[in-house]
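This report covers selected local features of one protein chain. The sequence and the structure are shown first, and the notes follow.

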Amino acid sequence: MRLHKVYYRLSLFHLPKQPLLLSSSPHFLSLMPPPPRPPLQLIKPFSSVPPAAVRTRAMRFSSNAAEGDGGSNGGAALTSSTAADYEDSSLGNGYRLPPPEIRDIVDAPPLPTLSLSPHRDKVLFFKRRSLPPLEDLARPEEKLAGVRIDGKCNARSRMSYYTGIGIHQIMDDGTLGPEKEIYGLPSGAKINFVTWSNDGSHLAFSVRTDEADGSSSKLRLWVADIKSGKARLLFEEPDVFVNAVFDNFVWLNNSTLLVCTIPLSRGDPPKKPLVPSGPKIQSNEQKDIIQSRTYQDLLKDEYDENLFDYYATSQLVLVSLDGSVKPVGPLAIYTSLDPSPDENYIMISSIHRPYSFNVPCGRFPKKVDLWTADGRFLREICDLPLAENIPITHSSVRRGKRSIQWRADKPSTIVWVETQDGGDAKVEVSPRDIVYTELAEPLENDQPMVLHKLDLRYGGISWCDDSLALVYESWYKTRKVRVWVISPGCEDESPRILFDRSSEDVYSDPGSPMLRRTPSGTYVIAKVKKEDDEATYLLLNGGGATPQGNIPFLDLFDINTGTKERIWESDKEKYFESVVALMSDEDKGDIHLNRLKVLTSKESKTENTQYYVVSWPEKKACQITNFPHPYPQLSSLKKEMIRYQRKDGVQLTATLYLPPDYDPATEGPLPCLMWSYPGEFKSKEAAGQVRGSPNEFAGIGSTSPLLWLARRFAILSGPTIPIIGEGDEEANDRYVEQLVASAEAAVEEVVRRGVAHPDKIAIGGHSYGAFMTANLLAHAPHLFCCGIARSGAYNRTLTPFGFQSEDRTLWDAVGTYIEMSPFISANKIKKPILLIHGEEDNNPGTLTMQSDRFFNALKGHGALCRLVILPFESHGYAARESVMHTLWETDRWLQKYCLANSSDANKDSNTLEEDASKGTSNVVGVAEQSDDEADKIHITSRSSL
């Protein structure tokens, strides 16, 4: 069980050449590696500084306090700054550093990640690194079938890793014992895929190290003895490596693992032919209807297919802790290894040809087989064909068997679902999904048993025993969710609905049943007994959404009568506390309430998260962690959850942050940065509900807008921007109108409160939030002085088969696609806009080309704009150089076009402001939507919650 409530904060031969103006000495004249490639900035270079001077100073690194001065004087960075300013502000070649008050927060050491042992008697502290250097991202990668692969280590590229593991004993009084470090690892070990053995006596994990040429070595499998802390290589042979492109290894029992290894017979990678064997041809002469989202990194030709086979193909190997090794099965692309609870069988999933050039590998032909634990093939469960034609409509799925899994409360029973509508959500049929079950080795002539029939789309099962299981179903179009109570072992018991509600109605959320770990490592619903009470209770763990904010709770729930008793609730006044896991589930049988123990996380506005063990009946809380404040310089920041109303009556919320020691009497209204992300709703009532807590700790990520509290900005974080489509109405048909109305209400509220200067309010967002930002500058220029848009998509005609929650095609809703596209309204944008994008963005829809073309459209109409392309970065930004430069660019923009803005600034937008006052706003929304569930290869994390 891994707890992730933490706050984030060169290869010599593969780095590209530098742009001429910013290059260092020619590579062929230097014995030093070339510096990291600077972010691509499409701005006219400043010509008054001799190129030689720039080249000389570009190599220098300075930690002087003058670095990254974001004031307007130093604003034009690589275009109009002086040579001295360039020298002091450079990081590597062309990268800039933000001011120290921002940089110090981002560079603070990261807090560890925690993992509980199977018996809840120990906890691991995973040590983490700070931001990686750009050279880590610069390593070559293969982009194949929607997957990015580091060919050197034969794993997913850009993997994060742990740098060390500490073991702490949980003492009887709930405190932690002294740390015992896992030792015996090579210097510079990069640790991944840490998993516990079921008995908690060993850890298995992969280790890689950096090699002399700057590349990463292949992954080797290591094990560590928990009692001694000693780690050792599991394979004695030096040429056995883990293939971690898909699933990598799994414990079959307490002494044996099944490992995906790189085949020993594999030679060099296939070479791309200089001359192709023929043209690239795709055909649809059968007139199939195949609609797909804008996927990236797809296979392009036969060479890509061969390369995908080369890296993804594995040899399965059984290896014991005593070192015995046994290869099993044929070479194949294994995507999932799933042992049965009784450890007698293994469910093996693999993908195979024919591949597709239109969809990622999650839709490739998929085969699921059943093997015995000693690696002998038993039978085929299914072999699904290529799935290119899954409809884009939400709630559409793949045909055939899906969600194939072991029943968690039985030794070896298989459960799966089959659609009855052909996978098309537009087809009306009842039932829509049927859940089946059968034994791993059914008797002759046995047929699969129908466990349950559903009229909505299957959403999973929580198992308990033969008398109880909960089946979930949902339907996106209506936001309806249902929970059914079934008795899997009692055919005479009729299923009944336990909960029937809207997924948008967070106030009515009853919570989810808490699960307990079984000796076999599966998780089942925990049953609780009360003293002198024969009834059986469940523990419902809920977020507790209320109009005053979230107040998490733990309810004792009678599954038969539906009665509830609240046995624990978070403090309402100062703290935000939530239940993370059961700590008293190591014994067999029901849990007695008087011996209940749970792990909670507790935080406040100014106190970072700590973990506690809470024990019944006294509900005594014992603190087990004491993490330091990650950014003490902001420990006294002010946070308030505010409520206000849109002009159509919809209630809105936002979190207002003010800098430490802010005094409105002396400082007056502050410059304000508003950062948001739209969301779609089916009802005004649901859209107006409060989500989040005013007492949650302000977690600040490495590119968070909250960093500008250190620059004494007011931050309006996450103001709700609901795009509502009630009944049969499509929300996006009134996108711009509702977007502007929400922004107007937010701006009016912060101005009314006197904390934000009306002429100094900036708008920003990432991904769909960047799309929002561009639209607001186009349609509500009277509200904002400037905008910051990161990794967005601005032309919806380039995502013609749906985006975000829109599942109509461009040809179904031409007007909506056009009106929502800020690219089409580029001629209306007169306020300064900063565009930032990763050069290797692989998120569906947000191609880097979107920012390129949008910038050109803006420039073609004389807009004040700037485009920064970050080399090697994807949808989010990871490398320290990239992160720091992004912050420098953002700070420069805010200092120059927000802080320095005055009421008569940007006079060229007056016309638009007049238009807006006449009703232009009435012109007819985590990341832009990623791969649909059907497109994903699911890899179970066996050591996490």
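## Salt bridges

In this predicted model, Asp136 has a relative accessibility of 16% and is therefore buried, since the cut-off for that class is under 20%. Its partner in a salt bridge is Arg129, and the closest N and O atoms of the two lie 3.1 Å apart. The count of salt bridges in the model comes to 52.

Glu889 and Arg866 form another of these pairs, with 2.7 Å between the closest N and O atoms. The link joins distant parts of the chain: Glu889 belongs to helix H13 (residues 880–899) and Arg866 to strand E52 (residues 865–870), and 23 residues separate them. Both ends of the pair are buried, Glu889 with a relative accessible area of 0% and Arg866 with 3%.

## A salt-bridge network

Six residues are connected through salt bridges into a network: Arg402, Asp421, Glu428, Arg432, Asp433 and Arg457. Within it, the side chains of Glu428 and Arg432 meet at 3.8 Å, N to O. What is the relative accessibility of Glu428, and is this residue buried or exposed? Glu428 has a relative accessibility of 69% and so counts as exposed. Arg432, in contrast, is buried, with a relative accessible area of 3%.

## Cis peptide bonds and positive phi

Most peptide bonds are trans, and most residues other than glycine have a negative phi. Some exceptions in this model are given here.

The peptide bond between Ser430 and Pro431 is cis, with omega at about 0 degrees. Pro431 sits in the loop that runs between strand E24 (413–419) and strand E25 (433–439). Another cis bond leads from Arg353 to Pro354, where omega is near 5 degrees. Pro354 is likewise a loop residue, placed between strand E20 (345–351) and strand E21 (366–372).

Phe193 is not a glycine, yet its phi is positive, at about 55 degrees. This residue is part of strand E12 (residues 190–196). With a relative accessibility of 28%, Phe193 counts as partly exposed, because this value falls between the limits of 20% and 50%. Ser395, also not a glycine, has a positive phi of about 75 degrees. Ser395 is located in the loop between strand E22 (377–384) and strand E23 (401–406).

## Helices H9 and H10

Helix H9 (residues 735–752) packs against helix H10 (residues 768–779) at an angle of about 85 degrees, and the axes are 10 Å apart. Since angles of 65 to 115 degrees fall in that class, H9 and H10 are roughly perpendicular to each other. H9 contributes Tyr735, Val736, Leu739, Val740 and Ala743 to the contact, while H10 contributes Tyr768, Phe771, Met772, Asn775, Leu776 and His779. By class, nine residues of this contact are nonpolar, two are polar and none is charged.

Ala745 also belongs to helix H9. Its relative accessibility is 6%, so Ala745 counts as buried. Apart from neighbours within four places in sequence, Ala745 is in contact with Tyr644, Gln645, Arg646 and Leu652. Between the C-alpha atoms of Ala745 and Pro719 the distance is 9.6 Å, with the two residues 26 apart in sequence.

## The surroundings of Ile624

Ile624 is placed in the loop between strand E42 (620–623) and strand E43 (638–645). Which residues does Ile624 touch, not counting those up to four places away in sequence? They are Gly174, Leu176, Leu599, Tyr611, Tyr612 and Val613. Ile624 counts as buried, at 7% relative accessibility. From Ile624 to Asp173 the separation is 451 residues in sequence and 9.9 Å in space, C-alpha to C-alpha.

## Confidence of the prediction

The average pLDDT of the protein chain is 87, and 85% of the residues score at least 70. Residues 4–92 have a pLDDT below 50, and this stretch makes 206 contacts in the model beyond near neighbours in sequence. Another stretch, residues 904–945, also stays under 50, and for these residues the model has 105 contacts beyond four places in sequence. Where pLDDT is low, the predicted coordinates should not be read in detail.

Technical notes
Residues numbered from 1 in each chain as written. Predicted model: local features only at pLDDT ≥ 70, side-chain atom pairs only at ≥ 80, totals over all residues. Heavy atoms only, no water. Salt bridge = Lys/Arg side-chain N within 4 Å of Asp/Glu carboxyl O. Buried < 20%, exposed > 50% of the residue type's maximum accessible area, 1.4 Å probe, protein only. Helix = DSSP H or I, 4+ residues; strand = E, 2+ residues; numbered from the N terminus. pLDDT = per-residue confidence, 0-100. Contact = heavy atoms within 4.5 Å. Axes fitted to C-alpha atoms, helices over the stretch in contact; angles between N-to-C directions. Parallel < 35°, antiparallel > 145°, perpendicular 65-115°, else oblique. Nonpolar A, V, L, I, M, F, W, Y, C, P; charged D, E, K, R; others polar.
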